[in-house]
Amino acid sequence: MNLSKPKAAPTAPPAAAGIDVAQPQHGVTPALAASLALHFFLMVAIGFALVRRSKGTGGPPDREIGIAVVQRMPDRDRYTDAAELQTEPTPDASTDASSSSSAAPPADFAPPIDMAGVLKQLTEDARPVTGTGLAGESNVDGDDLAGDNGQGRPQNLTKKKASLFGVSGFGSRFVYVMDRSDSMNGHGGRPLKAAKSELLRSLGTLSELQQFQIVFYNDKPTAFQSGGSVQLIQGQSNLVDAAKTYVRSMRAFGGTEHGVALKMALRMRPDVIFFLTDARIPRLSSSQLREIRQRAVESGTTIHAIEFGTEPSRPTDSFLIDLAGQNGGQYQYVDVRKL
């Protein structure tokens with residue numbers, strides 16, 4: 001009897017027992033490398049997307065910005081996109097000045113002189129024009145409308161009353177601003193004749209311790225003077241007589257410009273201005289009245305207004321009422337049909 005043990009069966013592979021046994025690796029296959037690279041790039045892309053979305057405040061998206069070039073001009077600032085300057089073609093000789101001005105100036109560029117503003121200032125600040133040669137009329141080129149008489153203002157001037165058509169002013173320095181436009185020739189010339197007659201009477205009441213000046217105006221002012229620049233004149237008898245001759249020689253013609261005549265008178269800094277006109281039109285605007293008011297305050301001047309008209313009673317809408325009221329003066333209305 002063969003009692004020898006039978007041979008043991010071969011041991012089952014470890015896999016049968018549920019145990020994974022690592023197989024020897026011989027390297028990464030190309031497919032696995034491509035998969036790893038693809039997943040890596042996907043993860044990087046997702047990360048960038050999350051970071052990009054997390055920035056900002058959650059408000060509307062930012063607006064586009066750019067660079068602009070600013071040119072300082074006398075009346076405004078001009079802005080030009082820098083990109084347009086780079087692509088803008090070079091203008092030829094036929095291009096006008098407005099096109100070439102769009103280029104940016106250098107850093108040390110000084111704005112050009114405002115010639116329009118200078119000319120406007122020159123026309124607003126009136127200078128007397130060349131007169132007829134009577135009673136010392138002459139052209140004045142400078143702004144030398146001083147308040148003295150060319151020899152120093154006397155210290156012993158006497159304040160005294162002067163009047164014109166029933167309007168009285170008190171002071172030592174008087175300027176008469178008289179309209180001599182063509183409308184003063186109406187009604188048989190009575191307006192101009194009456195104005196001259198009343199002015200002659202008023203001049204006769206002045207003393208040598210007072211000063212005066214006469215400005216006749218139409219579309220330009222013309223001042224009486226005894227020589228030299230336009231200024232207040234001492235009320236000596238010989239100078240008053242010369243002024244009377246000047247008044248008698250005056251003729252009426254042309255249009256009407258009130259503002260320049262009043263400004264000329266105010267630059268002499270008188271105590272009182274007597275302003276006479278028959279022209280309600282053109283009116284002085286609100287801005288012109290404010291400017292006159294400011295100058296009158298600075299010079300301490302009272303402005304009285306006398307208006308010639310053809311209505312039986314004084315108007316209610318005349319700018320002369322405002323002119324007198326705003327400058328501490330009186331308003332007087334005269335019906336020229338009763339002159």
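Because the model is predicted, local features need pLDDT of at least 70 and side-chain atom pairs count only at pLDDT 80 or more, whereas totals for chains, interfaces and linings use all residues. Residues are numbered from 1 along each chain as its sequence is written, and side-chain values use heavy atoms, without hydrogens and water.

Two packed helices are described by the angle between their axes and the distance between the axes. Helix 5 (186-203) packs against helix 6 (residues 237-248) at an angle of about 175°, with the axes 10 Å apart. Helices here are DSSP runs of H or I with at least four residues, strands are runs of E with at least two, and both are numbered from the N terminus. Axes are lines fitted to C-alpha atoms, for helices over the stretch in contact, and angles run from 0 to 180 degrees between N-to-C directions. Helix 5 and helix 6 are therefore roughly antiparallel (over 145 degrees; under 35 counts as roughly parallel). In this pair, Lys 196, Leu 199, Leu 200 and Leu 203 of helix 5 meet Val 240, Ala 243, Lys 244, Val 247 and Arg 248 of helix 6, contact meaning heavy atoms within 4.5 Å. By class, this contact has six nonpolar, no polar and three charged residues.

Helix 5 also contributes to the second largest pocket, for which helix 5 and strand 10 (302-309) each supply at least two lining residues. Strand 10 gives the largest share of the lining, three residues. Among the lining residues are His 187, Asp 278, Arg 280, Phe 308 and Val 336, and the lining divides into four nonpolar, four polar and four charged residues.

The chain near this lining carries a cis peptide bond, which joins Ile 281 and Pro 282 with omega at about 10°. Pro 282 lies in the loop between strand 9 (272-277) and helix 8. Phe 165 is placed in the loop between strand 3 (160-164) and strand 4 (167-171). Most residues other than glycine have a negative phi, and most peptide bonds are trans.

Helix 8 (residues 286-299) in turn packs with helix 9 (residues 319-326) at an angle of about 25°, their axes 10 Å apart. Helix 8 and helix 9 are therefore roughly parallel to each other. Leu 289, Ile 292 and Arg 293 in helix 8 meet Asp 322, Leu 323 and Gln 326 in helix 9. By class, this contact has three nonpolar, one polar and two charged residues.

Key. Parallel < 35°, antiparallel > 145°, perpendicular 65-115°, else oblique. Nonpolar A, V, L, I, M, F, W, Y, C, P; charged D, E, K, R; others polar. 1 Å grid on protein atoms, 1.4 Å probe; cavity = no way out; pocket = protein on both sides within 12 Å on 5 of 7 lines; lining within 4 Å.
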